[in-house]
Amino acid sequence: MTSERASVATAFAMNSVGEACTDMKREYDQCFNRWFAEKFLKGDGSGDPCTDLFKRYQQCVQKAIKEKEIPIEGLEFMGHGKEKPENSS
Amino acid sequence: MRIWSCEHVFGHPWDTVIKAAMRKYPNPMNPSVVGVDVLERAVDGRGRLHSLRLLSTEWGLPGLVTAILGTSRTLTYIKEHSVVDPAEKKMELFSTNVTLRNLVSVNERLVYAPHPEHPGKTVLTQEAVISVEGTGLGRYLESLMASTISSNARKLLTNGGRGGRRRAARRQAQKGVGEDAPALPVWERSLRLCLHCPGTREALRIPP
């Protein structure tokens, strides 16, 4: 029963642009969705518990974007220009 | 250039719709979205959550079309910037393609807000601006893409949805494009799949 539920959960999960990043992405998404629903939408936007997971996931994705030559450099986000993806904190 | 806009009413409160919207992929009504990644995420000084996401879309185009377009890639990438304001109860999304911009640009804006007259309902407003480069084929492709968004939105709004939950629209406004989707050969149908319309092809999976 547990493996059945696990496979259903996996079937409804999304992939990452980098194949190696998918597990990290899903772990981060689970953490984020919980924080978003239980804290952020209820007015408590502080204390994001997912920062470590996000950093690890983000590093993997930036590497995949570079390898696949996806033209996402020079992006502006919240007023900051991003010229070197590997410099993201 | 073509402009298209649409409105849709969900029979659920804003919080519920937003939680579903943040988790809308994978989505059986838009199987061409094959990857979603968060590139950046932060809360600004006004308490609004900003997210920058990269969506990977698989066209499923036949070889002839990719040869015409001069590309061996079948994946297109879209960047999406969203802002969620929990105090004002507003979620705004801006998306645009980052690949094939020498051929076409599809810019979309979606806004989710509480229904002004019915507090337990949510209104989604969508706008898309489509511009196709080049001559001759350009106007035809713009018309094709705009009518794809339009017919997909109609499909969504009349679809009963899953598990008995109906997401029937109370009101639909369409401006700018009004063509019905004609019957098309396979290669033209495949070309239509290149459009990513975050709001139009979704049936948000509203949790019980």
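Reply: Between chain B and chain A, the count of salt bridges (a side-chain nitrogen of Lys or Arg within 4 Å of a carboxyl oxygen of Asp or Glu) is 0. The model is predicted, so local features need pLDDT of at least 70 and side-chain atom pairs pLDDT 80 or more, whereas totals for chains, interfaces and linings use all residues. Residues are numbered from 1 along each chain as its sequence is written, chains are lettered from A and ligands numbered from 1 in the order in which they are written, and side-chain values use heavy atoms, with hydrogens and water left out.

Polar contacts do cross the interface: 8 residue pairs, both members at pLDDT 80 or more, meet the rule. It asks for a pair of N or O atoms within 3.5 Å, within protein one able to donate a hydrogen and the other to accept it; residues adjacent in sequence count only if both atoms are side-chain atoms. On the chain B side, α1, β2, β3 and β4 each contribute at least two residues, and β2(B) gives the most, with 11. These elements are DSSP runs numbered from the N terminus: helices (H or I, at least four residues) and strands (E, at least two). By class, that side of chain B holds 19 nonpolar, 7 polar and 12 charged residues. Here Ala, Val, Leu, Ile, Met, Phe, Trp, Tyr, Cys and Pro count as nonpolar, Asp, Glu, Lys and Arg as charged, and the others, Gly among them, as polar.

Altogether, 38 residues of chain B are in contact (heavy atoms within 4.5 Å) with 34 residues of chain A. The two chains bury about 2900 Å² between them, 69% of it on carbon and sulfur atoms; this is the accessible area (1.4 Å probe) lost on putting the parts together, summed over both. Asp37(B), Leu39(B) and Glu40(B) lose the most area in chain B, together 18% of what that side buries.

The largest nonpolar core has 38 residues, and Phe36(A), Ile18(B), Val84(B) and Tyr112(B) have the most contacts inside it. Both chains supply it with at least two residues per element from, among others, α2 (22-38) and α3 (51-67) of chain A and α1 (14-22) and β2 (33-43) of chain B. Another core, of 6 residues, lies apart from it and includes Met14(A), Val36(B), Leu55(B) and Ile78(B). A nonpolar core is a set of buried Ala, Val, Leu, Ile, Met, Phe, Trp, Tyr and Cys residues joined through side-chain atoms within 4.5 Å, and buried means under 20% relative accessible area (1.4 Å probe, protein chains only).

Note on methods
Buried means under 20% relative accessible area, exposed over 50%, partly exposed in between (1.4 Å probe, protein chains only).
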